[in-house]
Amino acid sequence: MVSGVAPGVATAQAPEQVRDGRSQPVFSADPVRETVWVETGLDGDGDGVVDRVAADIVRPSGTDQPVPVIMDASPYYSCCGRGNESELKTYDEQGRPVGFPQFYDNYFVPRGYATVLVDLSGTNRSEGCVDVGGPSDITSAKAVVDWLNGRAPGFDAPSGGGRVDAGWSTGDVGMIGKSYDGTIANGVAATGVEGLRTIVPIGAISSWYDYYRSDGVSFGFDPSGLARTVEEGGRPDCGPAKQELDDGSPANGDVTPMWTERDYVPDASRVTASVFAVHGLGDLNVKTLHLGQWWDALAERDVPRKLWLSQTGHVDPFDFRRAEWVDTLHRWFDHWLLGVDNGIEREPAASVERAPDVWADEPTWSGELARDVVLHPREDGLGTQPGSGTATFTDDPSLDEYDWAANPDQPSPARALFSTAPLGADVRVAGTGSVTVTATPSTPTAHLSAMLVDYGPAATRDYLGQGEGIRTLQTESCWGENRPGDDACYFDTEATTTDVDFEIIARGWADLANHESLSEERPLEPGEPQTMTFRLATTDHVVPAGHRLALIIGGTDSAFIVAPRQPGQIGLDLSATSVTLPVIGDLPAVAAAGTDKPSVRPDRVPPRPDVQLNRDVLPGS
């Protein structure tokens, strides 16, 4: 990461604004609240008029000093709400914004920032149509960055009206948001738009294909459903936009141009903003693969970056590490938007939750330094030497990964399980792995699932439970200034924990018919082996000494993927099947388990998730 003042950032501040390396709440007068409608240059609803999106603004009053902007562009401000308490925007009788979800305006506006909350095209008070991460979504947010820098027209009304400029803004913008909102921040950063200085994506998508599909298989839901949800039932003029989404997301799981257009990873080379990413290692909604592939692409370009990895599921850091989050975010924005030389860029770049509320910091995320280690399934378990022979299982779409993992010492016709002996030393797996299979199907269709399992006793956050690792309390804490209709107080939370005898630490799914190409599946010839490599989700997990590491391969994982048309029997050629893991440090001697299989106590088996797995990116999840 670079040191000193963030490049290109205006550094003029009021003399009293910064003290002890932090901006101070010196702007105490009632802030300016207004809405500006910004032209996007698109006509998504086909009415012959350029769409305008609503940007609701809260900014300091009584100052001639230009201020930077903290911006959250979201489709959820009227349909679903933001944050743990699902807050919606509210307005007064004249339509002026009053209630802003989350604490950003309460905390940062008194410290010399403006907060801008943008309704994505087709949502709340914005014109146009939702296209779920496509050009309409990204352009509607990018246009506001352009307006803040004097490059796009803004108006004081949704149609007609007078021109409004942003002379009060320095043009320096930081985008933040969880889930869909953070995804938009990723997508806007990938355009390379000038003026976007930093992004803070939380549990964010980097490729919409990988949200709805996985290496040729479908998770069973489609983007047009999400579009209708955030449009609150759909808009009459947006039927063609929904049809394009349906046409571009075939149920067979193939990659299409529509999906490629919504993949931000190839454009990471255009990112000029710094990135502070946050993700839950237990996030089964926006799976960790999204963070891993985005982070790797940013690291290749040496983008200034910072990372928090929690044990939670799809949870905002405000709800799992609140005080530390507000302080760190404060200093991050001060550096990148106000130009304060506070040293945050010289602090540890990564913080990983190793046990509930126990965090480990490191100078650079070690996932960037991992080396690939190949382990091989064998008739006697999982080891470093290639195996021989075959393993056979029958796809049973009524079962899932929890069924397969819960009884490792018992044979099952529905999966193949390969385990190491107890490890002689800790093994840290950090990064994105993969599985290579040579599989022979008995039918023309075959879906595959693979998972990496840590067998051994542990106490973890209960990320599979309701709350995904947190519990909401009845006490409140306040973060910033309270104003009528917009308080800064939120319910406190605490960690929820569980004792388990195993944990699934990485998962992956694939359609064997896509073994040659993800953009075109081909019918399989029963009895003919095919080789395919598919991805496991990104992880950062320490398998302790004495635990066992296991690879499970099965057919349809009913917790996540749709079954093939003709589930059948699948044979694995063990000599040509392997798992590649990103390992930190030296790998201790790994021996196959032989006939000694892992065992678990029924009362320490992780329950099936209380959260809905196959779902759209809804904010309360």
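Visitor: Let's start with the sheet. In what order do the 12 strands of the open sheet come?
Guide: The order is S10-S9-S3-S4-S8-S5-S11-S12-S15-S16-S17-S18, and the pairing is mixed. Strands S10 (163-164) and S18 (358-362) stand at the edges. Each has a single partner strand, so one side of each is left without a neighbour in the sheet. Two strands count as paired if DSSP finds at least two bridges between them. Strands (E, at least two residues) and helices (H or I, at least four) are DSSP runs, numbered from the N terminus.

Visitor: Is this an experimental or a predicted model, and how are residues numbered?
Guide: It is a predicted model: local features need pLDDT of at least 70, side-chain atom pairs count only at pLDDT 80 or more, and totals for chains, interfaces and linings use all residues. Residues are numbered from 1 along each chain as its sequence is written, and side-chain values use heavy atoms, with hydrogens and water left out.

Visitor: Back to the sheet. In which sense do S11 and S12 pair?
Guide: Parallel, over 6 bridges. S11 covers residues 169-178 and S12 covers residues 196-202. Gly174 stands opposite Thr198 in S12.

Visitor: Which strands does helix H8 touch?
Guide: H8 (residues 289-300) packs on the sheet and touches S15 (274-280) and S16 (305-310). Its direction makes about 160° with that of S16. Contact here means heavy atoms within 4.5 Å. Axes are lines fitted to C-alpha atoms, for helices over the stretch in contact, and angles run from 0 to 180 degrees between N-to-C directions.

Visitor: Now the inside. Which residues touch the most other members of the largest nonpolar core?
Guide: Met71, Trp168 and Met175, in a core of 92 residues. Helix H2 (residues 135-148) gives the most to this core, with 7 residues. A nonpolar core is a set of buried Ala, Val, Leu, Ile, Met, Phe, Trp, Tyr and Cys residues joined through side-chain atoms within 4.5 Å. Buried means under 20% relative accessible area, exposed over 50%, and partly exposed in between (1.4 Å probe, protein chains only).

Visitor: What does Met175 touch?
Guide: Leaving out residues up to four places away in sequence, its contacts include Met71, Ala141, Ile184, Leu196 and Thr198. There is also a second, separate core of 37 residues. Ala391, Ala450, Leu572 and Val579 are among its members.

Visitor: New topic. How many disulfides are there?
Guide: A search of the whole structure finds 3. The cut-off is a pair of cysteine sulfur atoms within 2.5 Å. Counting bonded cysteines along the chain, the pattern is 1-2, 3-4, 5-6.

Visitor: What about Cys79 and Cys80?
Guide: They form a disulfide, with sulfur atoms 2.4 Å apart. The torsion about the S-S bond is about -100°, so this disulfide is left-handed. Cys79 is partly exposed, at 23% relative accessible area.

Visitor: Where do Cys129 and Cys238 sit?
Guide: Cys129 is in the loop between S8 (114-119) and H2, and Cys238 is in the loop between H5 and H6. They are 109 residues apart, so the pair links distant parts of the chain. Their S to S distance is 2.0 Å. Both Cys129 and Cys238 are buried.

Visitor: Which residues of H6 are buried?
Guide: In H6 (residues 239-247), Ala241, Lys242 and Leu245 are buried. They cover an arc of only 100° around the axis, which puts them on the same side of H6. That arc is taken from the directions from the helix axis to the C-beta atoms. The buried residues pack against H5 (223-230) and H7 (257-261). The face turned away carries the exposed residues Pro240, Glu244 and Asp247.

Visitor: Last one. What does Glu232 touch?
Guide: Ser78 and Cys79, not counting residues up to four places away in sequence. Glu232 is in the loop between H5 and H6. Glu232 is partly exposed, with a relative accessible area of 48%.
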